[in-house]
Amino acid sequence: MDDQAAIERCKKGQNEAFRYIVERYQRQAVSHATAILGNREDALDAAQEGFIDAFRALKSFDEARPFYPWFYVLLRNRCYKMAARRRETESVDETVIVASNSAIGDEEMLALEEALLSLDREDREIVTLKYFDGLSYDELAERLEIPKGTVMSRLFHARRKLQATLER
Amino acid sequence: MKEIACEKVLMAKMAEADGETVELSKEDLNLHLISCEKCRAEITQLHDIDTILQRSSRAETSVDLWLAVSRHLEQPVRRITWQPFAVAVVLLIAFKLFEMVPEEDPGIVIRAAPLVIFGALMLLLKENPFKINSELVLEK
C-alpha cells in the first residue's frame, strides 16, 4: 500500500487504512512537534490531535500532492494552539530535539539543545527544518507559508541568537 | 546606516552558504567584508554555528499513536448547523414585534423570553457562554 491508496480507502470509509498513514509518519510528526513545543509529552498530544484533524479533513486533500507537507500545516496549527496554553521545558537533562551521533559530542549536543530551546518557537522550527530536514528556502517558505525573504531573515536572526547563546 | 548594510551583507553571505542565490553580487559582498572587520568576525562565528548544526541530526524515538488516534476516528464530529440560529432569530423578531404593540403589557415571563431563547440555544449547542477561551492570544 502507498499513501494514495491508503487515503483513497479512508475516503471510502475504511478507517483502518489510516493506520498505514499514522504508522508511516508518526515518528516524523512527533519529532517535528517536539522541535516546536520543546517537550515530548505535548508533542505526542499535538501529533495525535494532528492525525485526527488530518483524518477529518481528508475529503479536502488532493491525492496528487504529497501527504506530509499538507499534514504538517495541520500539525503546526495544533502545536501553536497548544503552545499558547502550555509552558516550555525549563531545564535540559536529556535531549529531545537533537539526536546523539558520532559527529557531535555529548557536551556540544546538550549545549545545542539548550540553545535551541532558548529560541522562539518559530525560530526553532525554521532552524530544525533547515538543518535536520534539509529543506531549501523555497521549501521552507512553502511549508511555513511565509515569503522567501522572511525565511532568509528569520534563519539569519535565529542563527545569530544561537551563536550568542552558545558563546555564553 | 552601516549597521543595516552589515546585516544585509551577513544575511546574504549566509544565504549564499546555504546554496541560495542572493540579490547582492559576490563582488559587493567581498568588498564589504574586506573593509569591515566586524562582519568578518561575525561571519566566522555564524559559519561555526552552521557547522555544528550540519553535524547534528533530529532526535527521533519510536512511538505508537495508532491506538489513541483510532479511538477518535469512530466518534462522529459534532457540526454546528444554521437551523437553531434561524429559529432563535425568528423567535427574537416575533418577541420584538410583540413588544411593539402599545396596549399590551407582556408581563415578567414574556419579558424574559430573549434570555430563555439564548439559554436554550446554548444548551442545544452544548456551549458555555461564560467559558473563558484560553486559546485566544494577543498578536505580537
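Axes here are lines fitted to C-alpha atoms, for helices over the stretch in contact, and angles between them run from 0 to 180 degrees between N-to-C directions. Two packed helices are described by the angle between their axes and the distance between the axes. The structure is a predicted model, in which local features need pLDDT of at least 70 and side-chain atom pairs count only at pLDDT 80 or more, while totals for chains, interfaces and linings use all residues. Residues are numbered from 1 along each chain as its sequence is written, and chains are lettered from A and ligands numbered from 1 in the order in which they are written.

## The two chains

Helices (H or I, at least four residues) and strands (E, at least two) are DSSP runs, numbered from the N terminus. Chain A has eight helices and zero strands. The radius of gyration of chain A is 17 Å, close to the 15 Å that the globule rule gives for 168 residues, so chain A is as compact as a globular protein of that length. This radius is taken over C-alpha atoms, and the globule rule is 2.2 Å times the number of residues to the power 0.38. The C-alpha trace of chain A spans about 55 × 35 × 35 Å along its principal axes.

Chain B has seven helices and zero strands.

A residue is buried if 20 or more other C-beta atoms lie within 10 Å of its own, exposed if 12 or fewer, and partly exposed in between, with C-beta atoms placed from the backbone. Two residues are in contact if their C-beta atoms, placed from the backbone, lie within 7 Å. The table gives burial and contact values for each chain.

| Chain | Buried residues | Contacts at least 24 apart, among those at least 6 apart in sequence |
|---|---|---|
| Chain A | 36% of 168 residues | 58% |

## Where the chains meet

The contact between the chains takes 41 residues from chain A and 29 residues from chain B. On the chain A side, α2 (18–37), α3 (40–57), α4 (67–85), α5 (106–118), α6 (121–132) and α8 each supply at least two residues. The helix that gives the most to this side is α2(A), with eight residues. By residue type, the side of chain A that touches chain B divides into 24 nonpolar, nine polar and eight charged. In this grouping Ala, Val, Leu, Ile, Met, Phe, Trp, Tyr, Cys and Pro count as nonpolar, Asp, Glu, Lys and Arg as charged, and the others, Gly among them, as polar.

## Two helix pairs in chain A

The helices α3(A) and α4(A) pack at an angle of about 135°, with their axes 8 Å apart. That angle makes α3(A) oblique to α4(A). Angles under 35 degrees count as roughly parallel, over 145 as roughly antiparallel, 65 to 115 as roughly perpendicular and the rest as oblique. The crossing of α3(A) and α4(A) is right-handed. A crossing is left-handed if the near helix is turned anticlockwise from the far one by less than a right angle, and right-handed if clockwise. Residues of α3(A) in the contact include A:Asp42, A:Ala46, A:Gly50 and A:Ala57, and those of α4(A) include A:Phe71, A:Leu75, A:Arg78 and A:Met82. The residues of this contact divide into nine nonpolar, one polar and five charged.

The axes of α2(A) and α4(A) come within 10 Å and cross at roughly 40°. These two helices are therefore oblique to each other, and α2(A) passes α4(A) in a right-handed crossing. Among the residues that make the contact are A:Ile21, A:Tyr25 and A:His32 of α2(A), and A:Phe67, A:Leu75 and A:Arg76 of α4(A). The residues of the contact of α2(A) with α4(A) divide into 14 nonpolar, one polar and one charged.

A:Glu145 lies in the loop between α7 (137–144) and α8 (148–167) of chain A. Most residues other than glycine have a negative phi. A:Glu145 has a positive phi of about 55° although it is not a glycine. With 9 C-beta neighbours inside 10 Å, A:Glu145 counts as exposed.

A:Glu114 is found in helix α5 of chain A. With 17 other C-beta atoms within 10 Å, A:Glu114 is partly exposed. A:Glu114 and A:Gly38 are 76 residues apart along the chain, and their C-alpha atoms are separated by 10 Å.

A:Ser153 is found in helix α8 of chain A and is partly exposed, with 15 other C-beta atoms within 10 Å. From A:Ser153 to A:Met82 the separation is 71 residues in sequence and 26 Å in space, C-alpha to C-alpha.
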